[in-house]
Amino acid sequence: PEARAAHRLLRQATWGPRPGDVDRVRLIGASAFIDEQLSAPPSAYPDALLTIPIGATQEHFMQLALSAPDQLRQRVAWALHKIWVVSAVEVPDAPAIVTYYRLLMNGAFGNYRDLMRAVTLNPAMGRYLNMLNNRSQQVTGVPPNENYARELMQLFTLGLPRLRPDGTPMLDGCGMPLPAYTEDDVRELARILTGWTFGDGNPATIPTRLASENYRVPMEAVEAYHDSGAKVFLGVTFPAHQAAAQDLVQALALLFNHPNVGPSISRQLIQQLVTSNPSPAYVAAVAAVFDGGRGDLA
């Protein structure tokens with residue numbers, strides 16, 4: 001039974017047990033094994049990958065999955081990738097994918113709020129879900145693209161219905177799920193997220209127009225392209241004339257502190273790491289840990 005339990009843990013917390021791994025877990029115990037994995041330094045995605053075809057990055061990923069010591073970090077980073085999806089089919093650029101995946105590796109045991117901000121300003125995500133170079137209606141004459149705003153709520157934080165702590169939906173008097181947000185919230189969040197373009201990595205320079213391609217550093221704001229009007233998102237007023245970064249911080253704080261985030265993200269992580277159909281009690285237990293540490297992924 002001990003060997004079976006160790007094997008099961010390794011199937012969930014690594015890319016699969018290697019010779020000696022089951023004995024190692026049986027020797028030091030499950031908790032000590034997890035602590036050992038949490039303290040292991042991240043595997044590197046070297047700079048050499050930035051200048052060669054993207055297939056080499058995919059090969060490097062497979063090599064790490066087979067042989068790298070930081071197995072739990074890699075499994076959690078992959079689980080986060082399955083939530084915060086960026087596709088190399090749509091963004092076939094080596095610097096974009098390497099920088100994006102480094103971000104997930106470095107954030108795998110960090111705080112979910114920090115991850116939300118980092119991925120939101122990642123230019124690979126910006127290109128994939130159309131936040132990059134998304135300008136206000138005052139500039140273009142048409143409403144801004146709503147793609148990232150919608151997915152940030154639906155996939156990355158809240159989910160569609162309002163949730164109980166165990167991840168089951170709250171229902172109205174007719175037995176229908178109560179929505180976590182409205183179409184007005186999507187439109188307002190799209191306005192909030194306008195104005196971001198490629199960065200240059202130099203905080204001393206302030207972009208004043210759409211910048212040339214650079215996937216290696218976070219996006220930066222062009223204030224002239226940001227919708228500076230007043231907005232109402234999730235029932236909270238955003239004052240007029242706030243900078244793009246101020247609007248972003250306020251919006252991400254609202255989303256992160258929403259009661260849906262714990263059960264929504266906990267359920268998705270369970271599905272990616274353990275089982276595809278977790279019970280409400282299982283979701284509630286993990287969500288309680290998420291909320292107790294308020295987003296501490298470790």
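How do the axes of helix α13 and helix α14 cross, and within what distance do they come? In this predicted model, local features need pLDDT of at least 70 and side-chain atom pairs count only at pLDDT 80 or more, while totals for chains, interfaces and linings use all residues. Residues are numbered from 1 along each chain as its sequence is written, and side-chain values use heavy atoms, with hydrogens and water left out.

Two packed helices are described by the angle between their axes and the distance between the axes. For α13 (residues 261-273) and α14 (residues 280-292), the axes come within 8 Å and cross at roughly 120°. That puts α13 oblique to α14 (angles under 35 degrees count as roughly parallel, over 145 as roughly antiparallel, 65 to 115 as roughly perpendicular and the rest as oblique). Axes here are lines fitted to C-alpha atoms, for helices over the stretch in contact, with angles running from 0 to 180 degrees between N-to-C directions. Helices themselves are DSSP runs (H or I, at least four residues), numbered from the N terminus.

On the α13 side, the contact (heavy atoms within 4.5 Å) uses Val261, Gly262, Pro263, Ile265, Ser266, Arg267 and Ile270; on the α14 side sit Tyr282, Val283, Val286, Ala287, Phe290 and Asp291. Sorted by class, these come out as nine nonpolar, two polar and two charged (Ala, Val, Leu, Ile, Met, Phe, Trp, Tyr, Cys and Pro are nonpolar, Asp, Glu, Lys and Arg charged, and the others, Gly among them, polar).

As for burial (under 20% relative accessible area, 1.4 Å probe, protein chains only), 10 of the 13 residues of α13 are buried, so the helix is largely enclosed by the rest of the structure. Ser264, Gln268, Leu269 and Leu273 are among the buried ones. Their cover includes α1 (2-13), α5 (71-83), α7 (112-120), α12 (244-256) and α14.

Helix α6 (residues 94-107) is likewise largely enclosed, because 12 of its 14 residues are buried. Among them are Tyr100, Tyr101, Leu103, Leu104 and Met105. The buried residues of α6 pack against α4 (55-67), α5, α7 and α8 (123-128).

Glu2, Ala3, Ala6, His7, Leu9 and Leu10 of α1 make the contact with Asp21, Val22, Val25 and Arg26 of α2. This contact has six nonpolar, one polar and three charged residues.

Definitions and conventions. Helix = DSSP H or I, 4+ residues; strand = E, 2+ residues; numbered from the N terminus. Buried < 20%, exposed > 50% of the residue type's maximum accessible area, 1.4 Å probe, protein only.
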